[in-house]
Amino acid sequence: MIANSAAHFSATRQTPAAPTLIGGVARFARREFRDAIASKWFALYTFAFTVLAVGVSYLSLSGIGSHGFAGFGRTAAGLLNLVMLVVPLMALTAGAGSVAGERERGTLLYLLAQPVSRTQVLLGKHLGLAAAIICSLCVGFGISGGVLAWRTGGVGVGAYTMLVGFTVLLALAMLSIGVLISVCSRRTAVAMGIALFTWLAFVFISDLGLMASSILFKLRVQEIFGLAIINPLQSFKMAVIVNMNASLDVLGPVGAYASRTLGGALPWMLVSSLIAWTALPLGLAVLLFSRRGSV
Amino acid sequence: MIHAKGITKRFGRVQAVSDVSFELDAGASIALWGSNGAGKTTLIRCLLGVIRFKGNASVGGVDVRRRGRHARALVGYVPQELAFHDDARLGSAIVFFARLRRISRARAAESLAEVGLIGHERKRVRDLSGGMKQRLALAVALLSDPPLIILDEPTSNLDAAGRGEVVETLQRLRRAGKTLLFASHRPDEIISLADRVLVMERGRVVQDTTPVELWPTEKPVQVIRLYLTMACEADAADVLREAGHAVHLNGRGLCVAVPRDRKAEPIAALARKQIEVRDIEVLDDVQIQESSQ
């Protein structure tokens, strides 16, 4: 059954090579992307997000007692809350399953036994998952945008496009946090549990905590603003609202304070917050994964 | 090819590998022999540089701790059982590993052909038998023609035919000048493949010997398990080693490899030291191949 391999090996002796840093990352990214796209979870998330996005587009006029497809600007505002619920959940769980899943299946050891570094494995997985999530979001936003363009024309498409951009940033930040959770967890179930709790904390608990803290500790408005933008979801929300040329006054005194004191620097500050939420957890994940004593 | 000095690995309170040192020349072959939990797998993982450890290890002159990626490029690793995504197809799996090692698709196909897996590329990994998975792992390990092959109990999940194929391939690789380091529970494999045997127990190398010294017989060997009281297992192991038997503790008794017609010898040796054997179980009937003698 097994052919005469010895003859071949002695005849074609060459110095085995390890892949370059970028090459290794790219190979893992491609594999991760392909696996993610083929997974049922991604199909389900993409389908659900698309249906909800089109549904929100249709229902955007309900607030003024009407129905039918609203323009891009109003739809972007309507989609804001949907994005804040669905996208963090999608990215956190995808990230949480990445390393812990490989570890639990026993495949991580085999990958690490190849001529690659831990950094290459982790960055490759992050990049591949990021590409898959962006594809999923593009499908949802694309179909919703296509329907809107067909029914209402192209007015306000800029705000909608910026919403897509900010959503990608939010997804990357949440993915990094998910990957960090995954690196720290031995089991997929534990990683998923922590990811769900983190999602709950970002979406609901932090708002409630901020409200309670502001009352209990009589926080000043600038302190409340500082605490608010620590939450990437709040940064995302404010960035989208500012981008729609709306006044942050809709967010109350804190929003009014931010508009007055930061002015044109505010959007950059919010985007920087989202970028920091992408880079710092990912950097920490790489550090912890590289220094881990076991597989 | 391998230079290991003072390799020590601890998992919390458990000392998995303790101060292991050895050298392995290019073209030579060394077997790790010991019970489950003796530290064989952990030692292999240290040598691969996939876990952090104290001490020094180099492969082909490349420091495993500092330049693990480059050291692993010199190693083909075969695990106990191939762990790869179950949904992946065999063809795409080997191409993935080929790209990691900067090997062409054509060479990947050759590698599959060499282990008799050509024509199975469309099969998913989950649909492969244990033997096919192991052959795939061997194909991956040999993709870049590495000078060193490290195998962690490569035949433990295979039937007799599968074992024979793997051992035959490894014998060919030895003849081609490859360096082998492998863990095994089977005396026949060790006798037919290894120049030296490191006997491991509780993370330590307790004996650095040769297969002939461990099993000084041309007759078939059987592995028997002796059940003793826990308190005297370590003493019993020492007694049996002094009597020239290959022994290892595996947490459920004491395993001893003996010639088939001398199974009572270990019991007699223990009786002379007033160590009582409660029960005996014959585990393996190992036919040592003629080619290995």
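**Exercise 1. Determine which pattern of secondary structure chain A follows along its sequence.**

Solution. Read along the sequence, chain A gives α-α-α-α-α-α-α-α-α-α-α-α, that is, 12 helices and zero strands, where helices (H or I, at least four residues) and strands (E, at least two) are DSSP runs numbered from the N terminus. This is a predicted model, in which local features need pLDDT of at least 70 and side-chain atom pairs count only at pLDDT 80 or more, whereas totals for chains, interfaces and linings use all residues. Residues are numbered from 1 along each chain as its sequence is written, chains are lettered from A and ligands numbered from 1 in the order in which they are written, and side-chain values use heavy atoms, with hydrogens and water left out.

**Exercise 2. State what share of the 295 residues in chain A is buried.**

Solution. Taking buried as under 20% relative accessible area, exposed as over 50% and partly exposed as in between (1.4 Å probe, protein chains only), one finds that buried residues make up 50% of chain A. As for contacts (heavy atoms within 4.5 Å), among those in chain A between residues at least 6 apart in sequence, 80% join residues at least 24 apart.

**Exercise 3. Find how many salt bridges the structure holds over all chains, and examine several of them.**

Solution. Begin with the criterion, a side-chain nitrogen of Lys or Arg within 4 Å of a carboxyl oxygen of Asp or Glu; over all chains, the structure holds 20 such salt bridges.

1. In chain A, Arg31(A), Glu32(A), Glu102(A), Arg105(A) and Lys125(A) are linked in a network of salt bridges.
2. Arg220(A) pairs with Glu223(A), their closest N and O atoms lying 3.4 Å apart, and Glu223(A) is partly exposed at a relative accessible area of 32%.
3. In chain B, Glu165(B) and Arg135(B) form a salt bridge with an N to O distance of 3.5 Å. This pair links distant parts of the chain, since Glu165(B) belongs to helix 6 (residues 160–175) and Arg135(B) to helix 5 (residues 130–142), 30 residues apart. Arg135(B) is buried, with a relative accessible area of 10%.
4. Arg241(B) and Asp238(B) also form a salt bridge, at 3.8 Å from N to O. Because these two residues are three apart in helix 9 (residues 233–242) of chain B, about one helical turn separates them. Asp238(B), at 41% relative accessibility, is partly exposed.
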